[in-house]
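Welcome! Take a moment to look over the sequence and the fold before reading on.

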Amino acid sequence: MNLHEYQGKHILSQFGVRVQRGIVAYNPDEAVDAAKRLSQETGTTFWVVKAQIHAGGRGKGGGVKLAKSLDEVKEKAGAIIGMMLKTPQTPPQGKKVHKVMIAEDMYGPGATEPKEFYMSVLLDRASARNIIMYSTEGGMDIEEVAEKTPEKIFREVVDPRVGLRPFQCNKIATNLGLSGPAKKEMTKFVAALYKAYEGCDAALFEINPVLKTSDDKIAAVDAKVRLDGNALYRHPDYADMRDKTEEDPIEVEAGEAGLNYVRLDGNVGCMVNGAGLAMATMDIIQLSGGEPANFLDVGGTADAARVEKAFRIILKDERVKAILVNIFGGIVRCDRVAQGIVDAYKNIGDIPVPIIVRLQGTNAQEAKQLIDNSGLKVLSAISLQEAADRVKEVLG
């Protein structure tokens, strides 16, 4: 589950990570009130107006602006709220901004120049261990840094048996070229950041930039946080942070119906029971010359109501030109699934795209007869190859 920057910073601060303080606002007047409050609490005289969407690269898209007066705060918040913000991480049409964060300015004058670093904590699947990835090149696209100057990307692997050790925090600070008070601050920052990552069951922390202020403090100026959805039952307060307006509405509807659905970019809808079979089905569609329009796992209880809901979800995607239903009858009998398909088809009415149904397993032959004798525009198949051939036929 992705979080907004202000939500991620709230979690980080709970674990002792110093963050750039900010207040969320939903309209220009709230933005001005937030700026006044920040001035009272922090003494800041400039403010940063930041669009809150689930995507990086907001600054390049015009979603991050510096305001030097309350009038500018109101003006720039009004310009950002409601805009369709386009970044390399948004859909082509962009994402609508519903709120902004008014943040304190941390780049004020001082004896030394502020310095930006990059830091992230994530799981390295190759080693099955958490790693801290960091670089002196903060504030930039880390992908570009990795491609052009890979020697500037450092990685620290954390042994799960002992956790992050103090010498590793010190090593990270040294590799970042820090010394004196700033080095001490960085070691504390890294330790707190990793504690937060483990403590909230995160899947990703990405802080870009981590800022060394002019007075040698270390703070998270940005925060991209992704939580492990499988662990949210342990964090009901975090689950409440979910922003459904940032998600595909079809995926949200499917999730509320208990369906595992992910929207893709193809033209053939899939309805399958089991994640492994769903992956194989997408391969079949690809081999037949089509492109999967979705991943949809109806689970082991593919009754008429569930199948009908799955059909309605798939048909919400206007790009779908055909639907492939691929069910393996193990726990559930194929004939019951077939009857559910027939009932669902009749309840929905006219379905404007061809449907290919492949049922295999318990009572597969009886299921095929039910489909063939239903009088509906449904093509049945027994083998995977036959299903692939049927998809190819209907796509022309």
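Which residues of helix H3 (residues 70–80) are buried? They are Val73, Ala77 and Ile80. Keep in mind that this is a predicted model. We begin with this helix and then turn to the salt bridges.

- The buried residues Val73, Ala77 and Ile80 cover an arc of only 65° around the axis, which puts them on the same side of H3.
- There is a simple background to this: an α-helix has 3.6 residues a turn, so residues three or four places apart point the same way.
- Turn to the other side of H3 and you will find Asp71, Glu75 and Ala79, which are exposed.
- The packing partners of the buried H3 residues are helix H2 (28–42), strand E2 (47–51), strand E3 (64–67) and strand E6 (100–104).
- After H3 comes Gly82, and its phi is positive, near 95°.

- Side chains of opposite charge can pair when their charged atoms come close.
- Searching the whole structure gives 28 salt bridges.
- One of them joins Glu5 to Lys50, with 2.9 Å between the closest N and O atoms.
- Glu5 belongs to helix H1 (residues 5–14) and Lys50 to strand E2, so this pair ties together parts that are 45 residues apart in sequence.
- Both Glu5 and Lys50 are buried.
- Arg58 also forms a salt bridge with Glu5, and here the closest N and O atoms are 2.9 Å apart.
- That pair links distant parts of the chain, since Arg58 sits in the loop between E2 and E3 while Glu5 is in helix H1, 53 residues away.
- How buried are these two partners? Arg58 has a relative accessible area of 7%, and Glu5 has one of 3%; buried means under 20%, so both count as buried.

- Lys171 and Glu156 meet through their side chains in a salt bridge, at 3.2 Å from N to O.
- This pair links distant parts of the chain: Lys171 lies in helix H5 (residues 166–175) and Glu156 in strand E9 (residues 153–157), 15 residues apart.
- Lys171 is partly exposed, with a relative accessible area of 40%, whereas Glu156 counts as buried at 6% relative accessibility.

Key:
Residues numbered from 1 in each chain as written. Predicted model: local features only at pLDDT ≥ 70, side-chain atom pairs only at ≥ 80, totals over all residues. Heavy atoms only, no water. Buried < 20%, exposed > 50% of the residue type's maximum accessible area, 1.4 Å probe, protein only. Helix = DSSP H or I, 4+ residues; strand = E, 2+ residues; numbered from the N terminus. Arc of directions from axis to C-beta. Contact = heavy atoms within 4.5 Å. Salt bridge = Lys/Arg side-chain N within 4 Å of Asp/Glu carboxyl O.
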